[in-house]
Amino acid sequence: MVQSVNIGRSGENLAVEYLKNIGFQILYRNWRYRHWEIDIIASKNDKLHFVEVKTRTSSCFGHPEQNITPRKMQYLMNAAAEFLYQFPQWKKIQFDALSILLEGKSVSYFYIEDIYL
């Protein structure tokens, strides 16, 4: 469990740097409401992005993005609804996923914009 938490935390740190490098402003990390969590909330071009980050050290059991289940998406949408209730100034929103694969010293990113399951 500790190792998976460390991998997840490393992935989120890499995700923040990746998103900054492609022009995003990071607003929140690990924003929580009740038992729901949004990994990264960022903005770009007046649009709010709710980003789910998935990190793996191997693709033996599939790519990281394949672990975003319909239930996880529902939790993400529930959390986003609460966020928008608290911060109603945002009119344009989007759900994204950032898949990070850490294999040895190699890091690969797969950014999926505007996802719905």
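Visitor: How many strands form the open sheet, and in what order?

Guide: Start with the ground rules. This is a predicted model, where local features need pLDDT of at least 70, side-chain atom pairs count only at pLDDT 80 or more, and totals for chains, interfaces and linings use all residues. Residues are numbered from 1 along each chain as its sequence is written, and side-chain values use heavy atoms, without hydrogens and water.

Guide: Strands of a sheet pair through backbone hydrogen bonds, either parallel or antiparallel. Strands are DSSP runs of E, at least two residues, and helices are runs of H or I, at least four, each numbered from the N terminus. Two strands pair if DSSP finds at least two bridges between them. Here, 5 strands make an open sheet, ordered 1-2-3-4-5, with mixed pairing. Strand 1 (25–33) and strand 5 are the edges, each pairing on one side only.

Visitor: Which strands does strand 4 join, and how do they run?

Guide: Strand 3 (residues 47–56) runs parallel to strand 4, with 9 bridges. Strand 5 (residues 106–112) runs antiparallel to strand 4, with 7 bridges. Take Ser99 in strand 4: Lys54 stands opposite, and Phe110 is its bridge partner in strand 5.

Visitor: What phi does Gly104 take?

Guide: Gly104 has a positive phi near 65°, in the hairpin of strand 4 and strand 5, with 2 residues between the strands.
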